[in-house]
Every structure is written in structure tokens, then in C-alpha cells.
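Work through the exercises below with the sequence and the model open. Each task is followed by a solution in steps.

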Amino acid sequence: MPRLALVTAIAAAALDDDLVPLLDACARAGIATHVRAWDDPTVTWSRFDAVLLRSPWDYTERLSEFLGWCRHVSTRSNLLNPLPVVVWNTDKHYLATLADLGVPVVATRFVEPEMEPLPTLQAFLAEHPDAAEFVVKPAVGAGSRDAQRYSRDQEFAAANHIARLLEADRSAMLQPYLASVDRDGETALMFFEGRFSHAIRKGPLLQRDEGPTEHLFAAEEITARIPGKDELALADKVLAAATECVHLQSPLTYARVDLIRDDDGHARLLELELCEPSLFFLHAAGSADRFATLMADTLRRSASAS
Ligand SMILES: Nc1ncnc2c1ncn2[C@@H]1O[C@H](COP(=O)(O)OP(=O)(O)O)[C@@H](O)[C@H]1O
Ligand SMILES: [Mg+2]
């Protein structure tokens with residue numbers, strides 16, 4: 001029987017709602033599946049035919065250690081998604097690359113630790129006169145950690161937030177707060193091997209006048225959603241552009257495309273998740289089985305290639 005490792009983190013295993021449905025579905029698909037933490041040094045990764053990233057959610061503050069681990073695993077097993085994809089996707093600078101390729105992304109200004117002089121908040125706010133609020137968040141981040149929303153008159157607090165990130169040698173991002181999220185939420189579209197599987201609505205995560213979450217990720221309000229035709233078309237465009245960026249020959253094993261509508265109602269890319277996305281199996285009947293069947297095919301292909 002092919003052996004698959006589902007990768008979590010010691011700190012995250014109990015928080016990953018996808019693990020149990022995925023384990024059950026893999027059992028039905030005839031895959032021997034084991035949950036392992038990326039930060040458990042006792043694991044021998046070469047014993048697995050494939051190593052699937054699921055919830056290694058504590059990597060954001062030790063990215064180089066995590067990418068070193070990914071490099072190690074990819075020389076010993078079939079890392080999914082593959083190493084170049086993970087390297088490219090764990091830093092939200094990929095949004096700038098996708099924007100250059102014509103993808104409508106949420107307007108983003110990056111502030112880098114080495115920038116001299118630093119771009120000012122006033123300049124950013126002047127570029128977005130209609131934004132009542134804006135967001136500060138780290139370029140390497142997950143689960144809304146270290147992300148916060150500010151009104152235009154909270155420049156002082158926001159500048160402190162940016163300074164804290166830069167002092168920790170982290171790049172910061174500034175975006176207008178897209179207020180449609182408060183009413184309509186964001187849409188996350190799940191794709192398996194490049195094909196759309198299902199979508200969910202995620203409620204707004206950043207509360208006014210509330211500091212960033214202290215937890216590994218902010219509590220999320222999730223419901224099933226049928227995406228708009230425009231959202232599906234945009235997600236396809238995002239995946240095509242991403243595949244071009246990472247020079248991938250085969251479709252991505254899994255992908256999640258997160259979209260929010262701007263003030264004009266146009267869907268924009270907030271985040272493309274190719275490393276460790278929650279896939280919300282519990283919100284779409286049959287989705288875990290669909291994914292496990294694809295994994296079984298992938299494992300069969302890797303076995304016949306080796
Ligand atoms: N520009 C924005 N406008 C509205 N909401 C935002 C914006 N940026 C972030 N958020 C909120 O913060 C959450 C986390 O931000 P996101 O960019 O998805 O980073 P991550 O999920 O990697 O922490 C989003 O799900 C959304 O609720
Ligand atoms: Mg997100």
C-alpha cells in the first residue's frame with residue numbers, strides 16, 4: 001500500500017479540521033496515511049511515497065528553517081506541492097509578480113526592512129483617498145497573525161505596527177481595507193490538480209480596534225458558497241499565471257484562491273495559497289474523497305516512475 005505523510009506542526013495538529021476527513025477518505029482510497037509534524041526531528045521522511053503539506057502553520061516566523069526542511073524532504077520523497085512552488089508562495093511578494101502578469105490583485109504597497117527612506121503612510125493614503133480603512137500585515141504570514149485593520153486617523157498605531165515588523169526583519173504590506181468583506185465575506189475557491197472542486201465564504205477576520213490574533217490563526221466563520229462566474233474565471237487566470245511563474249509542467253496538486261470584491265464590485269486576488277491552505281473538506285460533501293482519489297493516482301504514478 002502506498003504511504004502518505006500528512007504534514008502538520010506540533011502546535012497545529014489539533015486545530016486542523018481537514019485532517020480527520022482526509023484520513024478517512026485516504027483510507028477509503030487505499031492509502032496508508034500518517035500524520036506527522038514537520039518540526040518533529042524523529043521522523044524519517046524517506047519512508048513515505050509522498051509528503052503532503054497540510055497544516056505546518058507555525059512556519060511564518062521561522063521561514064528559512066521551514067524551507068530548509070522542505071528542501072530536505074524533497075530530496076527524499078515527493079513533496080506536495082513541490083519545493084519551487086512552496087518557496088515562491090510562502091512570501092506574499094508573489095502578489096506583485098501576479099499583478100505584473102495582469103492579475104487584478106488587492107492594491108498592495110510593500111515596505112521592506114532595507115528601504116531608505118521608508119515610504120510614508122501619508123503617501124499610501126493619498127493614493128487611496130476613498131479607503132476609509134487600511135490593513136497592515138506581514139509579507140510572510142498566515143492565519144491573520146500580525147494583521148490589523150486601521151482607520152485613516154490611526155496613522156500612529158499603524159506606523160508602530162510597520163516598525164515592529166521591519167525591526168523583526170519582516171517585510172510589511174499596506175492595502176486598502178476592502179469593506180465589501182464585512183457584508184459579503186471573501187470567497188475561497190479550492191482546486192485539485194487544476195480543476196475546481198468547491199468554494200466557501202469566509203467571514204471578515206479583522207475586527208475594528210482589536211489587536212492581531214494571539215492564536216495560531218484567527219477563528220473563522222465558514223459557510224459553503226457557489227462562486228460567481230467572474231470569480232471562477234479570475235481563479236483560472238490566477239492559476240495559469242502562477243503555473244507560468246513557477247515553470248510547472250503538471251497542474252498543482254492543490255490550490256486555494258482567495259478573492260474579495262473591491263468598491264466597484266470587481267473580484268480581486270487577496271491570497272493564493274499553494275503551501276498549507278485549509279481546504280474546508282467538511283463544507284463540501286465528497287470533496288475529501290475527490291482529493292484522496294487524486295492522491296492515490298499521484299502515488300501510483302510516483303511508484304511506477306521510481
Ligand atoms: N485588504 C484587505 N481588505 C479586507 N480584509 C482584509 C484585507 N487584508 C486582509 N484582510 C482580512 O484579514 C484576513 C487575513 O489576511 P490574508 O491576506 O488572507 O493573510 P493570511 O490569511 O495569510 O494571514 C483575510 O482573510 C481578511 O479577512
Ligand atoms: Mg488568508
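The exercises go from the whole chain to single residues.

The model is predicted, so local features need pLDDT of at least 70 and side-chain atom pairs count only at pLDDT 80 or more, while totals for chains, interfaces and linings use all residues. Residues are numbered from 1 along each chain as its sequence is written, chains are lettered from A and ligands numbered from 1 in the order in which they are written, and side-chain values use heavy atoms, with hydrogens and water left out.

**Exercise 1. The chain as a whole**

Solution. 
Step 1. Count the elements: the chain has nine helices and 13 strands. Helices (H or I, at least four residues) and strands (E, at least two) are DSSP runs, numbered from the N terminus.
Step 2. The radius of gyration is 19 Å, close to the 19 Å that the globule rule gives for 306 residues, so the chain is as compact as a globular protein of that length. That radius is taken over C-alpha atoms, and the rule is 2.2 Å times the number of residues to the power 0.38.
Step 3. Along the principal axes, the C-alpha atoms fill a box of roughly 60 × 40 × 35 Å.
Step 4. Of the 306 residues, 52% are buried. Buried means under 20% relative accessible area, exposed over 50%, and partly exposed in between (1.4 Å probe, protein chains only).
Step 5. Among contacts (heavy atoms within 4.5 Å) with a separation of 6 or more, 71% are between residues 24 or more positions apart.

**Exercise 2. Salt bridges**

Task: Find how many salt bridges the structure holds, then examine the pairs Asp-289 with Arg-28 and Arg-109 with Glu-127.

Solution. 
Step 1. The total is 21 salt bridges. The criterion is a side-chain nitrogen of Lys or Arg within 4 Å of a carboxyl oxygen of Asp or Glu.
Step 2. In the pair of Asp-289 and Arg-28, the closest N and O atoms are 2.9 Å apart. This pair links distant parts of the chain, with Asp-289 in helix α9 (residues 287-305) and Arg-28 in helix α1 (residues 19-28), 261 residues apart.
Step 3. Compare the accessibility of the two partners: Asp-289 is partly exposed at 28%, and Arg-28 is exposed at 56%.
Step 4. Arg-109 and Glu-127 form a salt bridge with an N to O distance of 2.6 Å. Arg-109 belongs to strand β5 (residues 109-111) and Glu-127 to helix α5 (residues 121-127), 18 residues apart.
Step 5. Both residues are partly exposed, Arg-109 at 23% and Glu-127 at 47%.

**Exercise 3. Backbone geometry**

Task: Inspect the peptide bonds from Leu-80 to Asn-81 and from Glu-116 to Pro-117, and the phi angle of His-247.

Solution. 
Step 1. The bond joining Leu-80 and Asn-81 is cis, with omega about -15°. Asn-81 sits in the loop between β4 (78-80) and α3 (83-89).
Step 2. The bond from Glu-116 to Pro-117 is cis, with omega near -5°. Pro-117 is in the loop between β5 and α5.
Step 3. His-247 has a positive phi near 50° and is a residue other than glycine. His-247 lies in the loop between α8 (229-245) and β12 (254-261) and is exposed at 65% relative accessibility.
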